[in-house]
Amino acid sequence: MAWVSPTSSSSSAIALPSKFTSTSQHHHLSSPFSSSFRVLCCTGSSSRSIPITSHLKFSLHDALDSSGIQTSHAREAREGFCSQIEKLSDIERETSISINRHVDLGKTALYIAAEDDSLVSHSSVPLPVDAFVDRLDDLSMGYCSHYNSASRSSPENFLDSLENYLYDKKGFRRSNTKFQLEPRSLYLHTVLTHRSGSLTMLSLIYSEILKMLRLWGLLDFDVEIFFPHDFHSLPRGYHKLKSKESDHSHVLTSQALLVEMLGNLKEAFWPFQDDQTGSLFLRAARAANCIDRPNINEDSGFRLASAKAAQHRLERGVWTSVRFGDMRRALAACERLILLETDVKELRDYSILLYLCGFYEQSLDYLKLYQESKVPSTQKESPDPVSSLEEDAVNKLMVRLNLISMEEGWSKPSFARNFLGNNSEPW
């Protein structure tokens with residue numbers, strides 16, 4: 001990574017360690033809108049400019065450390081995750097998971113699981129990532145004994161044989177995630193153990209088996225994985241040469257898989273689960289009283305009660321439970337989504353969680369960054385009411401944070417430490 005000043009006459013750049021490997025979780029990233037510096041993160045053949053302001057850092061690991069909770073295993077897992085996504089060039093991001101070459105998506109998913117496991121278990125032993133990589137390989141190896149040469153008569157027969165092995169013989173099934181995301185269906189290690197997983201996890205496992213079969217020479221034709229958009233279908237393979245134009249919307253790229261994986265975790269552990277209306281940001285904004293009462297619909301009494309209950313839990317240091325999310329893992333998902341650099345709204349969502357944790361200074365930094373980095377919306381005859389409500393909440397939060405910043409000591413509420421240091425478990 002290099003810091004480059006576009007306004008400087010000097011052509012030299014100062015080489016610094018990668019933003020992904022700082023053990024103190026400092027991620028110095030700058031915005032071309034507000035600074036004369038920008039970061040160029042080299043990933044193979046392409047470079048991506050990263051619109052994040054300097055002097056910002058992620059808060060989760062440092063906050064837990066300050067509460068006496070060891071985060072060494074979580075930090076190591078985060079570094080493992082970052083070592084993989086560093087390989088995501090622009091081309092690689094748009095590459096289908098069935099032909100991905102550079103990023104080990106299975107290991108990336110296990111690093112995500114390892115970090116979250118460390119955050120909630122406080123175990124002195126890290127999640128054995130390599131052991132679960134071996135389990136993935138064993139799953140692929142098991143197909144070889146199940147494999148029948150007759151299945152090579154056509155690509156369709158080969159894929160039918162593979163899916164019979166995965167879904168019938170091995171019993172992998174899709175969990176019911178229509179109404180509520182089940183946490184253990186969202187982590188690769190628990191899906192491999194219990195054989196029930198989200199659509200994203202099953203698609204990942206399918207692609208990892210294809211990768212191994214291709215390495216072993218059992219797969220000699222181009223395969224694509226059909227990622228369904230309903231609530232019951234399973235990922236299926238098809239011969240790419242016989243694909244139709246309508247199949248293109250069902251192709252899962254490496255970036256899309258990671259965003260879907262982390263988005264599922266973010267939604268599953270987002271606080272204020274009783275409020276199922278609007279975006280995740282609006283749910284948090286209601287709890288933070290950043291939405292005017294007239295904008296709330298007829299069931300405002302229920303929403304107001306839910307928001308007050310959520311805030312009361314925060315003030316008592318109760319920040320995780322089965323029905324009300326898990327702030328640690330919600331923050332972790334937000335931080336990893338920011339590292340993927342796919343949507344500036346992740347900065348906004350992270351900011352409001354930091355505000356609810358009492359980290360006002362960091363919240364203000366990320367909210368400013370969001371406003372500087374977002375693409376200005378074009379004038380529309382009929383503005384999106386949800387987007388208008390979100391931006392109104394952002395403006396109210398900005399005003400509130402600026403007022404707080406004027407207070408002497410830039411203080412945070414006393415419950416912030418308890419909020420992240422509480423040891424209660426979500427199961």
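How many of the 14 residues of α12 are buried? The count is 14 of the 14, so α12 is largely enclosed by the rest of the structure. The model is predicted. This briefing covers that helix, a nonpolar surface patch and a serine in another helix.

**Helix α12**
- Helix α12 covers residues 327–340.
- Its 14 residues should span 20 Å at 1.5 Å a residue. The end C-alpha atoms of α12 are 20 Å apart, which agrees with that expectation.
- D326 caps the N-terminal end of α12. A side-chain oxygen of D326 lies 3.1 Å from the backbone nitrogen of R328.
- E341 follows α12. The phi of E341 is positive, near 60°.
- Burial here means under 20% relative accessible area, and 14 of the 14 residues of α12 are buried.

**Nonpolar surface patch**
- M141, L215 and W216 make a nonpolar surface patch of about 330 Å².
- W216 sits in the loop between α8 (199–215) and β7 (223–226).
- W216 has 34% relative accessibility, so it counts as partly exposed. That class lies between the 20% limit for buried and the 50% limit for exposed.

**S363 in helix α14**
- S363 belongs to helix α14, which runs over residues 360–373.
- The relative accessible area of S363 is 0%, so S363 is buried.
- Leaving aside residues up to four places away in sequence, S363 touches S351, L354, Y355 and L401.

Terms used. Residues numbered from 1 in each chain as written. Predicted model: local features only at pLDDT ≥ 70, side-chain atom pairs only at ≥ 80, totals over all residues. Heavy atoms only, no water. Patch = residues over 30% accessible without salt bridge, like charges linked within 9 Å, V, L, I, M, F, W, Y side chains within 5 Å. Areas by Shrake-Rupley, 256 points an atom, 1.4 Å probe, with all protein chains shown as cover. Salt bridge = Lys/Arg side-chain N within 4 Å of Asp/Glu carboxyl O. Helix = DSSP H or I, 4+ residues; strand = E, 2+ residues; numbered from the N terminus. Buried < 20%, exposed > 50% of the residue type's maximum accessible area, 1.4 Å probe, protein only. Expected span 1.5 Å × (residues − 1). Polar contact = N/O pair within 3.5 Å; in protein donor to acceptor, adjacent residues only side chain to side chain. Contact = heavy atoms within 4.5 Å.
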